Amino acid sequence: MTDRTYNVLFLCTGNSARSIMAEALLRERGAGRFHAYSAGSHPKGEVNAYALYTLETMGLPSEGYRSKSWDEFARPDAPRMDFVFTVCDSAAGEACPAWPGQPMTAHWGIEDPAAVDGSDIEKQRAFATAFRYLRNRVDQFCAIPLHRLDKLALSQRLREIGEMEGATSPNAVAE
């Protein structure tokens, strides 16, 4: 077993919902093993209230999250990422910055719960569903024996996680 702590960045266009929930999940479920971060290509500037409500409902801390640009993580003084996961299709299709350290990447796209129109109950249900899909992916990721897999096997496993239930585009690969 290795004592190494890995840095993981979750990307979405607005960094207001899916990437925030993924960051919160990995902080909780991968504590001690991973440092989780999130960012967006075009951040909304605020975290979606339903994302925060979902975190609270699921028993996770909802304090301290902010919508921020992925440029913060491309600077020379930023933490070196080991993994970068896109959780929305539009972010996966964008030209990402050159991440210091050449992290492993994968696309874990799921539907945007913030795009759901309807009643509060329908919106809460969409966020709960997105949270479940993200939790399943994060749990699978946390179960990988990272220190035992070569880069090719690890890359394949990361792609498989992105193809789990709820995937928006099972064959998409992050650049």
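This is a predicted model: local features need pLDDT of at least 70, side-chain atom pairs count only at pLDDT 80 or more; totals for chains, interfaces and linings use all residues.
Q: How do strands β1 and β2 run, and how many bridges join them?
A: Strand β1 (residues 6-12) and β2 run parallel, and seven bridges join them.

Q: Which residue in β2 is the bridge partner of C12?
A: The partner of C12 is G40.

Q: Turning to the largest nonpolar core, which residues touch the most other members?
A: This core has 40 residues, and those touching the most other members are F10, L26, F83, F85, W108, F141 and L158.

Q: Which element gives the most to this core?
A: Helix α4 does, with eight residues. Among the other elements that give two or more residues are β1, α1, β2 and α5 (151-162).

Q: And what does F85 touch?
A: Leaving aside residues up to four places away in sequence, F85 touches V8, L9, F10, L11, A106, W108, F141 and L158.

Q: Where is the place of T86?
A: T86 is in strand β3.

Q: Why does T86 count as buried?
A: Its relative accessibility is 2%, and buried means under 20%.

Q: Which side chain is joined to that of T86 by a polar contact?
A: The side chain of H107 is, through a polar contact of 2.7 Å.

Notes. Residues are numbered from 1 along each chain as its sequence is written. Side-chain values use heavy atoms; hydrogens and water are left out. Two strands pair if DSSP finds at least two bridges between them. Helices (H or I, at least four residues) and strands (E, at least two) are DSSP runs, numbered from the N terminus. A nonpolar core is a set of buried Ala, Val, Leu, Ile, Met, Phe, Trp, Tyr and Cys residues joined through side-chain atoms within 4.5 Å. Buried means under 20% relative accessible area, exposed over 50%, partly exposed in between (1.4 Å probe, protein chains only). Contact means heavy atoms within 4.5 Å. A polar contact is a pair of N or O atoms within 3.5 Å; within protein, one must be able to donate a hydrogen and the other to accept it, and residues adjacent in sequence count only if both atoms are side-chain atoms.
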